[in-house]
Amino acid sequence: MEGEPPWLLVNDIGGINGILHSHVPFLKKHFHLITMKEFLENKKNVGQKIQAIYLWWHKPAVDKELLQSLPNLKVVANSGVGMDHLDLKLIASFGVKMANAPRAVSTSTADAGMALMLASARRLVEVHNISISPSMEYCEADILGVKIAGATLGIIGMGRIGYKIALRAKAFEMNILYHNRTQRKVQEEQAVGATYCKKIDSLLQQADFVMVVVSLTPQTRKLIGKRELELMKPTATLINISRGAVVDQEALVAALQTGVIRAAALDVTYPEPLPRDHPLLKLKNIIITPHLGIKTDKTNYMITEEAVENILAALNGLPLPSEVLPS
């Protein structure tokens with residue numbers, strides 16, 4: 001029908017894997033929304049109308065079967081930065097463009113990284129549990145934390161998010177080291193007082209806090225394993241806000257149990273969530289949050305705005321602001 005808005009496929013509206021109800025009016029200004037349930041009920045008739053997919057926390061799964069059933073699909077927009085859940089080459093082979101949302105997520109993810117570091121350093125979860133316990137009994141040694149000011153933070157991955165972490169860490173009077181595929185410009189390093197470590201080993205040996213902020217690729221899978229953990233100080237803390245599989249979780253369990261490192265704070269695991277009997281869940285020297293990095297109301301809305309911007313660009317034959325190409 002002439003004048004009909006383009007059709008956008010989403011997994012669901014509301015619930016665990018659906019777009020937020022508060023985002024629906026904005027999306028409906030630009031698109032005709034169709035859920036996976038509606039699509040599957042009438043696949044033959046509606047498949048040819050769908051021109052875009054908006055992934056909300058990795059859903060729906062974009063596989064070969066789905067791509068074959070959407071002959072007029074132009075773009076897949078992802079609600080986040082990481083694209084490791086997608087087969088980029090497969091999608092590109094269907095002539096479909098892909099986009100993520102790097103601008104929207106960087107600030108909130110950096111905040112989450114700092115929150116985890118501070119919570120671990122000052123043992124906030126442990127002292128909260130003491131404070132609400134019936135007896136409220138504790139020894140001074142039970143609540144001694146680690147001083148942040150003057151400590152050394154090692155940032156692995158100095159992209160958009162890593163740099164924002166460095167800006168925040170500077171305000172906390174931390175010494176900042178970073179390891180990255182490419183060195184930042186001198187003026188960028190000076191702005192945050194960061195020192196480049198060409199080799200990751202050098203950073204691991206010096207840092208009091210190691211924060212991992214890299215994308216998950218074949219090269220970064222289990223980037224932090226037994227060898228890397230043993231290079232860290234026994235008083236050091238590992239913080240992971242990238243992807244769970246960047247850290248060898250079995251090696252991390254052993255390191256935390258035997259005092260190879262002091263503590264860990266994870267916003268990501270593999271799988272997510274962990275099985276309820278996983279040994280990481282039984283340790284006292286760890287904080288685990290359920291991938292909170294970008295979960296603020298404002299950031300979530302900004303993600304949807306960025307996705308819409310990319311989708312509309314693709315449908316109008318314009319360059320995508322946040323296009324992701326298969327490597």
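**View 1. Helices H6 and H13 cross in a predicted model.** The axes of H6 (residues 102-121) and H13 (residues 297-315) come within 8 Å and cross at roughly 160°. Axes are lines fitted to C-alpha atoms, for helices over the stretch in contact; angles run from 0 to 180 degrees between N-to-C directions. H6 and H13 are therefore roughly antiparallel (over 145 degrees). Their crossing is left-handed: the near helix is turned anticlockwise from the far one by less than a right angle. H6 contributes Pro102, Arg103, Ala104, Val105 and Ser108 to the contact; H13 contributes Thr299, Met302, Ile303, Glu306 and Glu309. Contact means heavy atoms within 4.5 Å. These residues divide into 5 nonpolar, 2 polar and 3 charged. Ala, Val, Leu, Ile, Met, Phe, Trp, Tyr, Cys and Pro count as nonpolar, Asp, Glu, Lys and Arg as charged, and the others, Gly among them, as polar.

Residues are numbered from 1 along each chain as its sequence is written. In this predicted model, local features need pLDDT of at least 70 and side-chain atom pairs pLDDT 80 or more, while totals for chains, interfaces and linings use all residues; side-chain values use heavy atoms, without hydrogens or water.

**View 2. An open sheet of 7 strands pairs in parallel.** The strand order is E8-E7-E6-E9-E10-E11-E12. Helices (H or I, at least four residues) and strands (E, at least two) are DSSP runs, numbered from the N terminus; two strands pair if DSSP finds at least two bridges between them. E8 (194-196) and E12 (286-288) stand at the edges with a single partner strand each, so one side of each lacks a neighbour in the sheet. Neighbouring strands are turned by 15° against each other on average, direction ignored.

**View 3. Strands E11 and E12 carry helices on the sheet.** E11 (residues 263-266) pairs with E12 over 3 parallel bridges. Leu266 stands opposite Ile288 in E12. H6 packs on the sheet, touching E6, E9, E10, E11 and E12; its direction makes about 150° with that of E9. H12 (residues 249-258) touches E10, E11 and E12. The direction of H12 makes about 140° with that of E11.

**View 4. Loops hold cis peptide bonds and positive phi values.** Most residues other than glycine have a negative phi, and most peptide bonds are trans. Between E3 (50-55) and H4 (64-68) lies Pro60, joined to Lys59 by a cis bond with omega about 0°. His58 is in that loop too, with phi about 75°. His58 is partly exposed, at 35% relative accessible area (from 20% to 50%, 1.4 Å probe, protein chains only). A cis bond also joins Tyr270 and Pro271, with omega about -5°. Pro271 lies between E11 and E12.

Technical notes: Angles under 35 degrees count as roughly parallel, over 145 as roughly antiparallel, 65 to 115 as roughly perpendicular and the rest as oblique.
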